[in-house]
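Subject: Structure handover

Hello,

Here is the structure for you to look at. My notes on what was found in it follow below.

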Amino acid sequence: MENSKLIATVASIWIQCTCGPSYAFGIYSAVLKSSQGYDQSTLDTVSVFKDIGTSIGVLAGILYQSVADNKSGSRPSSCFGLGLRVVYMAGAFQFFAGYFLMWLSVTGILEKPPVPLMCFFMFMAAHAQTFFDTANIVVAVQNFPGYSGTSVGIMKGFLGLSGAILIQFYHTFFDGNPSTFLLMLAVFPASLSLLLMSLVHVNPSNTTNDKNHLNGFSIVALAVAAYLMIAIIFENMFAFPSWAHILTTIGLLILVSSPLKIALTAQRNEQPPPSSTMDPLIVASEADEVADEVALVEMNALQAVSTINFWLLFVIMLFGVGSGLATINNISQIGQSLKYTTVEINAMVSLWSIWNFIGRFGGGFVSDLFLHKYGLGRPLFISLTQAGMVAGHLIIGSCGNLLIGSVIVSICHGSLWSLMPTITSEIFGVKHMGTIINTIGVANPIGSYILSVGVIGSIYDKEAEAGGGSCYGIHCFMISYFLFAGGCVLGILVSLVLFFRTKGFYALIFQRRLKELQV
C-alpha cells in the first residue's frame with residue numbers, strides 16, 4: 001500500500017536525522033584530548049578512524065544483501081525471523097558500544113585505553129552509521145524507483161543535517177558538558193533506530209502520487225535546513241540563554257516531525273486500488289519492449305569491480321570527495337592562516353553541514369528533473385559538480401577567500417554523495433547496491449588521506465618550517481589547492497567518459513518515461 005512505504009520513509013528520515021554523530025566530533029574532541037592526555041597529532045589519528053569508519057561500509061552492504069529479498073516487493077526475507085532489522089541492530093550495537101566505551105574512558109570509569117584501542121572505539125562508533133545509511137538508501141531506491149535521485153537526495157540530505165541537529169540537542173541539554181553528550185550519543189540514536197526499525201521495509205509499488213509525496217518530504221528537508229542555518233547564525237552572533245535554546249529545539253522537533261503529517265494525510269486520501277491488473281508504472285501490453293531494453297543488469301560487487309564504469313566512479317569519488325574531506329578537516333587551520341576571526345571560522349564549520357545538505361538534496365533532485373524532462377544522464381551532473389569544485393578550490397588557493405570557496409566546495413562535495421549511489425543503482429542494479437556503493441566509498445578515506453596528509457599537510461609543514469614554525473597568507477595552501485583543482489579537472493574528464501559510456505542507457509530510460517506518459 002502507498003501509505004505503508006510512506007511510513008517507512010518517515011521512519012528512515014528520523015533514523016537519518018540521528019545517525020550522523022561523526023559530524024559532531026568537534027563538540028567532544030577537546031574533552032577527549034584533555035582526558036586522555038593526547039597531543040594534536042594523536043587526536044588527529046583518532047579522528048582519521050572516524051573518517052574511515054563512516055566511509056568503509058562494505059560489511060553493511062554484505063549484511064543487507066544477506067538478509068534482504070531484493071527481488072520482490074514484499075518485506076525483506078528473514079534472518080532468524082528478523083530480516084532487515086538485523087542491519088539496524090548491528091548498527092545500534094556498534095553505536096552504543098563505540099560511544100559508551102569512549103564515555104567510560106573520558107569520565108575515568110574505564111582506565112585510559114591505549115591509542116589503538118581508542119581508535120577502534122571511534123571506528124566502531126562511526127562505522128555504525130554505514131549500516132543505517134545503507135539500509136535507508138537502498139530501501140528508498142526500491143520504494144521510489146522512478147525517482148531514485150530525489151529519494152537518495154532526501155536520505156543523504158537528512159544524514160548531512162544530523163550533525164547540526166544533534167549539536168542543537170547538545171546546546172539545549174548538555175551545553176558545557178561534552179562528556180554527557182557522548183553518553184547521549186551512545187543511547188539516543190541506537191534506541192531510536194531499534195524503536196523504528198520494524199517500520200522500514202521494501203514496498204516498491206509505484207503510484208502517480210510518488211512525486212507529490214517526495215516533493216512534500218523535500219520541502220520539509222529544505223525547511224529544516226533553513227531553520228538550522230538561521231539558528232546557527234544567531235547562535236554565533238549572540239549568547240543564547242537556556243530558554244532560547246529550548247524554544248529553538250522545540251521548533252526543530254516540530255519541523256522534523258512534520259513528515260509524519262504527509263504520510264497520515266496520504267492515508268486519509270488513499271484510494272482503493274483499481275481492479276485492473278496493470279502495473280501502475282508500466283502497462284505490460286504496451287511497454288514491455290522498452291522495459292526489457294532498459295532492464296538493469298543485476299551485478300554483484302565482484303562483477304561490478306571488473307567493469308570500467310566502477311573504476312570511473314571510484315576515481316571521481318577519490319578526487320571529488322577526497323578534496324572535500326581534506327578541506328573540512330583543515331578548515332580551521334586554513335582560516336587561521338588567512339587571519340579569519342574565531343567567530344568566522346566557527347560559523348564556516350557550523351554552516352558546512354547546511355551547504356553540504358543543499359548539495360546532497362540538490363544533486364538528486366535536479367538530476368531527476370533533467371533526466372525525466374530531457375533525458376540527460378546523471379554523470380553529466382557529476383561533471384558540473386567537479387567543475388564547481390575546481391572553481392571553489394581556485395577561489396581558496398588564488399584569492400584566499402575561504403568564505404565563498406568553502407560554500408562552493410561544500411555544496412559540490414555534498415552533491416557527489418547523492419549522485420554516486422543513484423548512478424550505481426542504475427548501471428549496476430539494486431540487488432547488490434548496498435555492497436557496491438560502499439566498495440566505491442573506499443575511495444573516500446583514501447582520497448582524504450592522500451590529499452590531507454600527503455598534499456595539504458606536508459606542503460603546509462614545509463611552508464611553516466620556512467616561516468619559523470607557523471605560516472600565514474595565501475601561499476600556505478596555494479599549491480595544495482591548485483593540486484586539488486587539477487585532481488577535479490581529471491574528475492571532470494573521467495565523469496564525461498562515464499557520461500558518454502552510459503548515454504545510450506539513459507536515452508532508453510527516457511524513452512521508457514515517455515512511453516509511460518503516453519499510456
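Cysteine 488 counts as buried, because its relative accessibility is 0%; buried means under 20% relative accessible area, exposed over 50% and partly exposed in between, with a 1.4 Å probe and protein chains only. Cysteine 412 also counts as buried, at 11% relative accessibility.

This is a predicted model, in which local features need pLDDT of at least 70 and side-chain atom pairs count only at pLDDT 80 or more, while totals for chains, interfaces and linings use all residues. Residues are numbered from 1 along each chain as its sequence is written, and side-chain values use heavy atoms, with hydrogens and water left out.

On the cysteines: a disulfide is taken as a pair of cysteine sulfur atoms within 2.5 Å, and by this rule the count comes to 1 disulfide. It joins cysteine 471 to cysteine 476, with 2.0 Å between the sulfur atoms. The angle about the S-S bond is -100°, and the link of cysteine 471 and cysteine 476 is left-handed. Cysteine 471 and cysteine 476 are both buried. Cysteine 412, by contrast, takes part in no disulfide; its nearest cysteine sulfur belongs to cysteine 488, 8.7 Å away. Cysteine 488 is in no disulfide either, and its nearest cysteine sulfur is that of cysteine 412.

Two further residues are worth a note. Serine 162 is found in helix α7, residues 148-174 (helices are DSSP runs of H or I, at least four residues, and strands runs of E, at least two, numbered from the N terminus). Serine 162 is buried, since its relative accessible area is 0%. Its side chain reaches the backbone nitrogen of glycine 20 at 3.2 Å. Leaving aside neighbours within four places in sequence, serine 162 is in contact (heavy atoms within 4.5 Å) with Gln16, Cys17, Thr18, Cys19, Gly20 and Tyr23.

Asparagine 444 lies in helix α20, residues 443-466. With a relative accessible area of 1%, asparagine 444 is buried. Not counting residues up to four places away in sequence, asparagine 444 touches several residues, among them Ser55, Met317 and Trp417.

Last, the confidence. pLDDT is the predictor's confidence in each residue, from 0 to 100. The protein chain averages 84, and 89% of the residues score at least 70. Over residues 70-78 the pLDDT stays under 50, and the model has 28 contacts beyond four places in sequence for them. Residues 273-295 are also below 50, with 23 contacts in the model beyond near neighbours in sequence.

Regards

How values were computed. Polar contact = N/O pair within 3.5 Å; in protein donor to acceptor, adjacent residues only side chain to side chain.
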